[in-house]
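Subject: Structure handover and notes

Hello,

Please find the structure below, as promised. My notes on it follow.

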2 protein chains.
Amino acid sequence: MSRTRRRSPLPHRGRVPGATGPVLGRALRVLEAFSPDRPALRLSDVARRAGIPAATAHRLLREFCEWGALERDEVGIYRVGLRLWELGSLAPRGLGLRELALPFLEDLSQITRENVQLAVREGTEVVYIERIAGTGAVPVLTRVGGRFALTATGVGLVLLAHAPAEVQEDVLGRPIEGYTSETVTDPDRLRHMLADVRTHGFSISERQVTLDALSVGAPILDSRGQVVAAVSLVVRYGSASPHALAPLVMTSARAISRALSIL
Amino acid sequence: MSRTRRRSPLPHRGRVPGATGPVLGRALRVLEAFSPDRPALRLSDVARRAGIPAATAHRLLREFCEWGALERDEVGIYRVGLRLWELGSLAPRGLGLRELALPFLEDLSQITRENVQLAVREGTEVVYIERIAGTGAVPVLTRVGGRFALTATGVGLVLLAHAPAEVQEDVLGRPIEGYTSETVTDPDRLRHMLADVRTHGFSISERQVTLDALSVGAPILDSRGQVVAAVSLVVRYGSASPHALAPLVMTSARAISRALSIL
């Protein structure tokens, strides 16, 4: 489980100028045009979002469709193709981690009947790798493959607490987004919370994302002791004490870490 | 749920000559070098598998790493990166279908305690989108994101039975791979089996992939009545009658179809 750390302070959807040659750069901008908010696009949308002429966009879209990276339906709407999904399934930090962790996450979900989440850090954000919705559990906002801030969620606080110092300073040095009246946006208070996460081995996010939810997260370590992911339970606020949930989440996180390290 | 039909008779990992411009073509060949069998590659492996000079491979690998499509670890091994997994998660026929179907698949898995599989057709092969391993169920060979022949499995027989005629003739006109002494490799017998699948609404694959397993598959339809996926139960051979399993699988497949059509 290695990670390439991108030092650019730009948000990830932004292009890094000069990072790619002219042709590959334009091709990657075509792929970047597709996002969770905009998964289905017309030629004109792609050209505008990629900032390239329509003729160039048309040629690149055709090439991506022939390869299977994108798919075009009968009314001319382009979507991400199955072949890109297949290639993405080879990412060790995506499907590889999810396949290994899934039996443990299902156990935790069946025992608690609550929401279980698995996430990794990418730059200064959380990426959700798996999410199992509990029967009748509180609704959660996350989707698999989706991103969220590191500062507000159970998994995010774990991943930020164990991130390199420069990532922490980058995140805490910028304005911190509030989602509810309870979201902690004060950098000093967050620094104390992160120290608590490292000391106690779990995180608590109370009503920080939605007022009706509480999440408790714990770190997943690889064989070298590096934090590579985090697991959390998300429950209805008031239904359980975070300190009662923490041993459950930590036990599951350690079982996954153990499975990771004997790979 | 559209699909771009590639008419090339080449296996999907092969390059379609002239399908892409020179730069994008080389770049896509770099990505093609990564496969389920070979998910972690050195620069020299990539250059050899892509058929391009090492200097070109090096430049393209660097560009893909900067973008996040690939990741390079500290000893110089390249793997598929999280950003490609994120982009792949936008494929409607991949994670989109899987997210929608997962609650139904989990119900089927918990009720039967057997293996549940979800697959789509890509060209002349099955691609597995989800797989839930039953507690103590018979081991299965498939992995999420993996491919298999259309001719031998429960899901494959369903997808082949409802494929366009030219796909059926392409598959049945070529030598059919045998996996066990029970694999049906005779095209005429397979044609009869496919007709039975269309008549009865489910498929049966008995000991065709491994001698200890049996699978029963049923089709998932979109709002226009097109078969877009298949679901199956895989159980230990001899533990249950396929005709007892069929109503279960068909009920689950229809529930998923219903959920798909109200999207």
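Through which surface do the copies meet, judging by the interface residues of chain B and chain A? The copies meet through the same surface, because 100% of the interface residues of chain B are also interface residues in chain A.

Before the rest, some conventions. This is a predicted model, in which local features need pLDDT of at least 70 and side-chain atom pairs count only at pLDDT 80 or more, while totals for chains, interfaces and linings use all residues. Residues are numbered from 1 along each chain as its sequence is written, chains are lettered from A and ligands numbered from 1 in the order in which they are written, and side-chain values use heavy atoms, with hydrogens and water left out.

The two copies

Chain A overall

Chain A has nine helices and eight strands (DSSP runs numbered from the N terminus: helices are H or I with at least four residues, strands are E with at least two). Its radius of gyration is 20 Å, close to the 18 Å that the globule rule gives for 263 residues, so chain A is as compact as a globular protein of that length. The radius is taken over C-alpha atoms, and the rule is 2.2 Å times the number of residues to the power 0.38. Along the principal axes, the C-alpha atoms of chain A fill a box of roughly 60 × 40 × 35 Å. Of the 263 residues of chain A, 55% count as buried (under 20% relative accessible area; exposed is over 50%, partly exposed in between, with a 1.4 Å probe and protein chains only).

Chain A is divided into domain 1 (20-88) and domain 2 (92-261), with bounds from an automatic or database domain assignment. Their C-alpha centres lie 33 Å apart.

The sheet

Six strands of chain A form an open sheet in the order β5-β4-β3-β8-β7-β6, with antiparallel pairing (two strands pair if DSSP finds at least two bridges between them). β5 (147-149) and β6 (203-206) of chain A stand at the edges with a single partner strand each, so one side of each is left without a neighbour in the sheet. Neighbouring strands are turned by 30° against each other on average, direction ignored. β4 (residues 125-132) of chain A pairs with β5(A) over three bridges, and Val127(A) has Arg147(A) as its bridge partner in β5(A).

Helix α9 (residues 242-261) of chain A lies across β6, β7 (213-221) and β8 (227-236) of chain A, at about 30° to β7(A). Axes are lines fitted to C-alpha atoms, for helices over the stretch in contact, and angles run from 0 to 180 degrees between N-to-C directions.

Two loop residues

Ser89(A) sits in the loop between α4 (82-88) and α5 (92-112) of chain A. At 5% relative accessibility, Ser89(A) counts as buried. Beyond its neighbours within four places in sequence, Ser89(A) is in contact with Leu95(A), Arg143(B), Val144(B) and Gly145(B) (contact means heavy atoms within 4.5 Å).

Arg113(A) lies in the loop between α5 and β3 (115-122) of chain A. Its phi is near 60°, a positive value in a residue other than glycine. At 54% relative accessibility, Arg113(A) counts as exposed.

Regards
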